[in-house]
Amino acid sequence: MVDTIIRADAITKSFGDVRAVKGVDLAVEPGTVFGLLGPNGAGKTTTIRILTTLLEPDGGSATVAGFDVVRDAEQLRPVIGLAGQFAAVDENLTGLENLEMVGRLYHLPRAEARRRAEKVLERFDLAEAAHRTAKTYSGGMRRRLDVGASLVGQPKVLFMDEPTTGLDPRSRLVLWELIRDLQKEGTTLLLCTQYLEEADQLCDRIAVIDLGTVIAEGTSEDLKDKIGGEVLELHVDAEHLGRAVETLRGLGSGEPTQDEDTRLIRVPVGSEGPMVLLETVRRLDDAGIPIEDIALHRPTLDDVFLSLTGHAAEMALEEAEEPEPQPEKRKRRRDR
Ligand SMILES: Nc1ncnc2c1ncn2[C@@H]1O[C@H](COP(=O)(O)OP(=O)(O)O)[C@@H](O)[C@H]1O
Ligand SMILES: [Mg+2]
């Protein structure tokens with residue numbers, strides 16, 4: 001049997017009429033980064049809250065590091081860390097005070113709490129801001145402090161709930177590097193995300209979750225193989241975009257999609273790539289639409305998600321453009 005450090009067997013959870021998690025199975029090997037990928041409302045946070053003992057499942061069972069998340073919750077808590085949307089950074093404390101407080105929650109002696117707090121601040125490039133209150137921090141700094149807080153207890157297993165949602169691209173890359181470093185040091189990570197690229201870049205295995213169920217699981221490559229075949233990508237100029245898409249309807253193995261900003265049209269083509277490519281060139285030529293470039297590509301995780309669920313995965317694009325998390329929004333989320 002494969003060695004697993006996180007295991008969920010058919011866990012379920014409802015909130016009134018809402019069946020948030022409907023029988024999720026997970027098996028995560030030690031030392032790996034496992035991605036839980038799904039859109040808003042898929043059940044990611046509920047799953048993570050069950051695995052970190054914050055919520056009891058209605059049904060099914062789960063173990064983390066050999067401890068049952070319900071029966072052995074007390075013993076489990078010191079071994080795990082939780083970072084992300086819901087973890088608390090106290091805005092009125094300094095960075096250092098925030099981290100020391102976490103150390104105290106782990107019952108570390110004062111000097112040890114201080115030592116670890118300083119180490120984390122150093123590592124997360126927050127040493128210079130150590131004595132400023134967290135409310136003066138940028139969105140990226142706050143998020144780093146939040147992840148830092150989850151590391152003070154030196155957890156064997158770290159759960160991260162959308163650690164980069166709402167971050168600017170640069171801060172996102174900084175966090176990605178930290179995640180990679182943690183994995184190198186042997187930490188097992190379970191990472192919830194709605195960003196396909198993030199899952200693709202960081203995760204050894206990915207479970208795609210939608211409407212409370214895991215609908216596919218495997219490496220990023222496995223998932224891409226699942227939909228099989230290739231995708232035809234082409235660019236036309238903005239004025240021809242809509243008409244080009246109409247012209248190509250019914251051609252491939254699925255409907256063409258368009259991106260207004262990049263003027264990219266994508267057509268899933270299955271195994272008929274070369275034929276569809278020729279026919280595309282012919283049709284657009286007949287319609288008098290010039291093609292800027294055209295090529296066949298392997299599918300991306302976006303294509304996988306779209307073909308599995310019939311809808312796109314990334315639904316928080318406006319959120320991603322916000323420079324900082326909005327206090328109002330965070331509050332509402334936490335209250336749920
Ligand atoms: N405390 C709660 N009370 C009522 N409904 C909830 C609560 N927490 C989550 N839900 C609902 O459960 C579903 C799954 O939510 P969640 O696990 O937060 O998804 P995700 O983290 O993937 O966005 C959603 O429909 C959400 O509205
Ligand atoms: Mg969530």
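Residues are numbered from 1 along each chain as its sequence is written, and chains are lettered from A and ligands numbered from 1 in the order in which they are written. In this predicted model, local features need pLDDT of at least 70 and side-chain atom pairs count only at pLDDT 80 or more, while totals for chains, interfaces and linings use all residues; side-chain values use heavy atoms, with hydrogens and water left out.

The domain assignment of the protein gives domain 1, residues 6-224, and domain 2, residues 229-298; such bounds come from an automatic or database domain assignment. The centres of domain 1 and domain 2, taken over C-alpha atoms, are separated by 40 Å.

Helices (H or I, at least four residues) and strands (E, at least two) are DSSP runs, numbered from the N terminus. Two strands are said to pair if DSSP finds at least two bridges between them. Four strands form an open sheet in the order S2-S1-S4-S5, with antiparallel pairing. Its edge strands are S2 and S5 (67-68), each of which pairs on one side only. Strand S1 (residues 6-15) pairs with strand S2 (residues 18-28) in the antiparallel sense over eight bridges, and Ala8 stands opposite Leu26 in S2. Two residues lie between the strands in the hairpin of S1 and S2, where Gly16 takes a positive phi near 60°. S1 also pairs with strand S4 (residues 59-64), again in the antiparallel sense, over five bridges; here Ile6 stands opposite Val64 in S4. The pairing of S4 and S5 is antiparallel and comprises two bridges, with Asp68 in S5 as the bridge partner of Thr63.

Gly23 belongs to strand S2. Accessibility is classed as buried (under 20% relative accessible area), exposed (over 50%) or partly exposed (in between), using a 1.4 Å probe and protein chains only. Gly23, with a relative accessible area of 27%, is therefore partly exposed. Contact here means heavy atoms within 4.5 Å. With neighbours within four places in sequence left aside, Gly23 is in contact with Ala10, Ile11, Thr12 and Gly212. Gly23 and Lys184 are 161 residues apart in sequence, and their C-alpha atoms are 32 Å apart in space.

Thr46 is located in helix H1 (residues 44-51). Its relative accessibility is 11%, so Thr46 counts as buried. Residues up to four places away in sequence not being counted, Thr46 touches Lys13, Phe15, Ala20, Val21 and Leu55.

Helix H6 comprises 16 residues (169-184), which at 1.5 Å a residue should span 22 Å; the end C-alpha atoms are 23 Å apart, which agrees. The expected span is 1.5 Å times one less than the number of residues. Within H6, the buried residues are Ser171, Arg172, Leu175, Trp176, Leu178, Ile179 and Leu182. Seen down the axis of H6, these buried residues fall within an arc of 165°, so they line one face of the helix. The arc is that of the directions from the helix axis to the C-beta atoms. An α-helix has 3.6 residues a turn, so residues three or four places apart point the same way. The face of H6 turned away from the buried side carries the exposed residues Pro169, Arg170, Leu173 and Lys184. Just after H6, Gly186 takes a positive phi of about 100°.

A nonpolar core is a set of buried Ala, Val, Leu, Ile, Met, Phe, Trp, Tyr and Cys residues joined through side-chain atoms within 4.5 Å. The largest nonpolar core has 45 residues, of which Leu99, Leu145, Met160 and Ile206 touch the most other members. Apart from this core lies another, of 29 residues, among them Ala20, Leu190, Cys192 and Ile209. The contacts of Leu99, residues up to four places away in sequence not being counted, are Ala117, Val120, Leu121, Leu145, Gly148, Ala149 and Val152.

Positive phi values also occur in residues that are not glycine, including Asp125, at about 60°. Asp125 lies in the loop between helix H4 (110-123) and helix H5 (139-151) and, at 65% relative accessibility, counts as exposed. Leu211, likewise a residue other than glycine, has a positive phi near 50°. Leu211 is found in the loop between strand S9 (205-210) and strand S10 (213-218), and its relative accessibility of 56% means that Leu211 counts as exposed.
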